[in-house]
Amino acid sequence: MDYDLFVIGGGSGGVRCARIAAMHGARVAIAEEQYWGGTCVNVGCVPKKLMVQAAEYAAWTQDSHGFGWNTQPGEHDWAALMAAKDAEIKRLNGIYVRLLENSGVAWLFGRAVFIDAHTLRIGDRTVTAERIVIAVGGHPSWPDIEGAEHGIVSDQAFHLAERPRRVTLVGGGYIGVEFAGIFRGLGAEVDLLYRQRMPLRGFDHDIRESLVEALEGQGIKLHPSVLLHRLELLPDGCKRLHLTDGRSFDSDLVFFAVGRVPNTKNLALEQAGVSLAANGSVIVDAQSATNQPHIFAIGDVSNKMNLTPVAIAEGHHLADRLFGKHIRSWSFDAIPTAVFSMPPIGTCGLSEEQAAEQGPVDVYIAKFLPMRHTITGRMRRTTMKLVVDQASQRVVGAHMLGDDAAEMMQAIGVAMTAGATKADFDRTIGIHPTSAEEWVTLRTRTRVSGIAAAAE
């Protein structure tokens with residue numbers, strides 16, 4: 001074989017897997033057909049976070065007046081933001097290539113296609129590998145409606161020539177919620193459509209309720225329990241949205257945020273005998289192995305937990321297991337994550353609803369206006385919540401909407417991974433005055449959930 005390991009896909013998970021395997025002494029190559037760093041670096045979490053940060057400055061300008069500053073809002077330069085974002089992405093692309101070169105990984109630019117279970121073609125080159133890792137990620141999906149071609153998806157949102165005046169987001173998942181805040185913060189009129197009663201299906205109920213309040217407080221127009229039936233392009237270039245409830249309205253930009261699908265088309269996986277699920281994702285076991293024992297899949301293409309750090313952990317663990325002597329352990333039980341809405345959401349572990357299905361849980365909730373906003377006058381409230389297994393008193397869920405939620409939740413994730421109990425939180429001294437101290441001063445139980453489930 002030409003290589004001990006060949007990785008298809010140069011995103012965060014694939015690059016980590018290739019690098020670690022090479023550091024263990026394996027002969028490794030990796031192929032990427034579009035851009036190094038994958039979705040996260042190029043059209044995902046990195047540029048999105050930069051745009052979130054840009055959008056926060058307008059509100060901060062107004063907030064400063066409460067503290068005696070006479071700061072005046074300026075005119076936002078969309079082109080300057082895009083240029084700064086592109087420069088940072090270019091820098092990160094270069095870092096990924098250097099990391100591969102410094103690790104001794106051979107990198108190829110082009111699409112890798114299976115010829116058989118051990119052979120791949122990249123352009124006019126054919127290579128063989130003892131083991132192969134599929135790490136090709138996913139891409140945004142388009143709705144199956146009339147006129148969908150007149151909208152955009154998230155990949156295109158990072159390359160708009162100018163900021164539209166009126167934006168409609170279709171979809172209440174994290175992408176829709178985040179971009180609604182971005183465009184609103186940068187001065188656009190924003191509508192958000194979603195089929196559920198509240199956005200962020202699958203998140204904790206109290207957090208979803210608090211998010212609705214926060215979105216409305218920003219002036220985002222919410223359209224719950226509705227679908228887009230048809231999109232019409234008007235002669236002046238505007239788009240007219242026809243909803244399933246009979247209403248219609250116009251928008252300059254329609255942004256579809258209706259999910260993502262795995263990038264498994266045109267890989268000729270059938271040539272290798274790799275099995276796919278109905279949604280196109282690669283079927284894997286707990287060790288990331290496909291039905292072909294020498295072929296593996298990590299990251300979004302396996303559609304398990306579609307988060308960049310999870311893909312990185314899967315790639316690192318797989319490389320250790322295949323080629324290393326010491327296997328680093330990772331905790332996938334309580335994965336801290338964030339939604340960069342405004343304000344942001346941080347969550348770790350089980351929602352109250354999920355935990356209650358397993359037995360009785362104690363629920364602790366705090367809702368308050370942070371110290372900063374008692375002065376600014378902005379009604380940007382914080383919600384913090386702990387879900388505690390009643391029998392063991394372990395904290396099995398932590399959820400927050402509010403300033404710095406993501407930063408706090410990383411530390412909460414350490415505590416939960418270590419098995420912290422409510423008593424451990426209670427005996428920890430808080431830092432005053434901070435919002436974070438609420439985590440260790442939640443003394444009064446709000447309610448008990450799941451008793452019926454435990455009785456059954």
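Is Trp-69 buried or exposed? Trp-69 is exposed, at a relative accessible area of 61%. The cut-offs are under 20% for buried and over 50% for exposed, with partly exposed in between, using a 1.4 Å probe and protein chains only.

A word on the source. This is a predicted model, where local features need pLDDT of at least 70, side-chain atom pairs count only at pLDDT 80 or more, and totals for chains, interfaces and linings use all residues. Residues are numbered from 1 along each chain as its sequence is written, and side-chain values use heavy atoms, with hydrogens and water left out.

Back to Trp-69. It sits in the loop between helix H3 (45-63) and helix H4 (78-103). Helices here are DSSP runs of H or I with at least four residues, strands are E runs of at least two, and both are numbered from the N terminus.

Next, the salt bridges. The definition is a side-chain nitrogen of Lys or Arg within 4 Å of a carboxyl oxygen of Asp or Glu. The whole structure has 21 of them.

Start in helix H4. Glu-88 pairs with Arg-91, with the closest N and O atoms 2.8 Å apart. The two are three residues apart in the helix, so about one helical turn separates them. Glu-88 is partly exposed at 24% relative accessible area. Arg-91 is partly exposed too, at 45%.

Glu-189 and Arg-165 meet at 3.7 Å, N to O. Glu-189 is in strand S9 (residues 189-193), while Arg-165 is in the loop between helix H5 (154-157) and strand S8 (166-170), 24 residues apart. Glu-189 is partly exposed, at 38% relative accessibility.

Then strand to strand. Asp-250 bridges to Arg-240, closest N and O atoms 2.7 Å apart. Asp-250 is in strand S13 (residues 248-251) and Arg-240 in strand S12 (residues 239-243), so the bridge ties together parts ten residues apart in sequence. Asp-250 is partly exposed at 26%, and Arg-240 is partly exposed at 29%.

There is also a network. Salt bridges link Asp-204, Asp-206, Glu-352, Lys-385 and Arg-447.

Last, the spaces. On a 1 Å grid over the protein atoms alone, a cavity is a set of points where a 1.4 Å probe fits but cannot get out; a pocket is an open set with protein on both sides within 12 Å along at least five of seven lines; lining residues have an atom within 4 Å of a point.

The second largest pocket holds about 730 Å³. Its lining has 29 residues, with Arg-372, His-373, Arg-380, Asp-403 and Asp-404 nearest the centre. H3, helix H11 (371-376) and helix H12 (405-417) each give two or more residues to that lining. H3 gives the most, with six.

And the cavities? How many are of 30 Å³ or more? One. The largest cavity has a volume of about 40 Å³. Its lining is Pro-140, Ser-154, Ile-175, Phe-256, Ala-257, Val-258, Gly-259 and Arg-260.

Conventions. Grid points are joined across faces, edges and corners, and a volume is the space filled by probe spheres set on the points.
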